[in-house]
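These notebook entries record what I looked up in one protein model. I wrote each entry in the order in which I consulted the structure.

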Amino acid sequence: MHNERIKLSSGPHNYTIYQRRHLLDYAARWCKTHFGINGRKKYAISYTCYEDPDDTYIGYYDQAANRIHMNLDQVITIKGLLATYIHEYQHSLQPTRKNYWRLAKRFGYLDHPYEVHARSHERYYRHMINDYRKAYPNR
């Protein structure tokens, strides 16, 4: 699929590492432009993709390393990959170190205010992919 246009319904394994990296590098720039950055972090945010069929996490944000991790064995589609990136990026903007676990004890995962906020931003993948297609019409 090297010369084909990115399809949101396709699985991330259908694309080369280069294609996924190109798309996720764009996602990183897009999120920085549209959502801003957390100025309290010592390191620039980064991301990594890994494959582990036994790990049930789709993605998570490591606040100590300021890194987004995404499990390609759990992400079903490119749409899911982009939504996961946006979701975890939102966590990079939140004061997770100070408040996450305190709020988790009170609200649980599904009703956790940070999770609710992050999930509400996942839909912006549509804007991101539209901008990507405008910037790279042949991808």
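**Entry 1: Basis of the notes**

I note that this is a predicted model, in which local features need pLDDT of at least 70 and side-chain atom pairs count only at pLDDT 80 or more, while totals for chains, interfaces and linings use all residues. Residues are numbered from 1 along each chain as its sequence is written, and side-chain values use heavy atoms, with hydrogens and water left out.

**Entry 2: The whole chain**

I looked up the secondary structure and found 5 helices and 3 strands. Here helices (H or I, at least four residues) and strands (E, at least two) are DSSP runs, numbered from the N terminus. Read from the N terminus, the order of elements is α-β-β-β-α-α-α-α.

I then looked up the overall dimensions. The C-alpha trace spans about 50 × 35 × 25 Å along its principal axes.

Of the 139 residues, 40% are buried. Buried means under 20% relative accessible area, exposed means over 50%, and partly exposed lies in between (1.4 Å probe, protein chains only). I also looked up contacts, which mean heavy atoms within 4.5 Å. Among contacts between residues at least 6 apart in sequence, 55% join residues at least 24 apart.

**Entry 3: The strands**

I asked which strands pair, and in which sense. Two strands pair if DSSP finds at least two bridges between them. Strand S1 (residues 46-50) pairs with S3 in the parallel sense over 5 bridges, and Tyr-47 has Ile-68 in S3 as its bridge partner. Strand S2 pairs with strand S3 (residues 67-71) in the antiparallel sense over 4 bridges. In this second pairing, Gly-59 stands opposite Met-70, and Tyr-60 has His-69 as its bridge partner.

S2 and S3 form a hairpin with 4 residues between them, and Asn-66 in the turn has a positive phi of about 55°. In S3, 4 of the 5 residues are buried, so this strand is largely enclosed by the rest of the structure.

I looked up the largest pocket, which holds about 550 Å³ of space. Among its 19 lining residues, those closest to the centre are Gly-59, Tyr-60, Tyr-61, Glu-88 and Glu-115. On a 1 Å grid over the protein atoms alone, a pocket is an open set of points where a 1.4 Å probe fits, with protein on both sides within 12 Å along at least five of seven lines; lining residues have an atom within 4 Å of a point. Grid points are joined across faces, edges and corners, and a volume is the space filled by probe spheres set on the points.

Which element gives the most to this lining? It is H2, with 5 residues. The lining divides into 8 nonpolar, 6 polar and 5 charged residues. Ala, Val, Leu, Ile, Met, Phe, Trp, Tyr, Cys and Pro count as nonpolar, Asp, Glu, Lys and Arg as charged, and the others, Gly among them, as polar.

The second largest pocket has a volume of about 250 Å³. Of its 13 lining residues, Arg-40, Lys-41, Lys-42, Gln-63 and Arg-97 are the closest to its centre. Its lining divides into 3 nonpolar, 5 polar and 5 charged residues.

**Entry 4: Single residues**

Is His-22 buried or exposed? I found His-22 in helix H1 (residues 17-35), and it is buried, with a relative accessible area of 15%. Leaving aside neighbours within four places in sequence, His-22 is in contact with Tyr-132, Tyr-136 and Arg-139.

Arg-29 is also found in helix H1, but it counts as partly exposed at 43% relative accessibility. Its C-alpha atom is separated by 14 Å from that of Glu-88, 59 residues apart along the chain.
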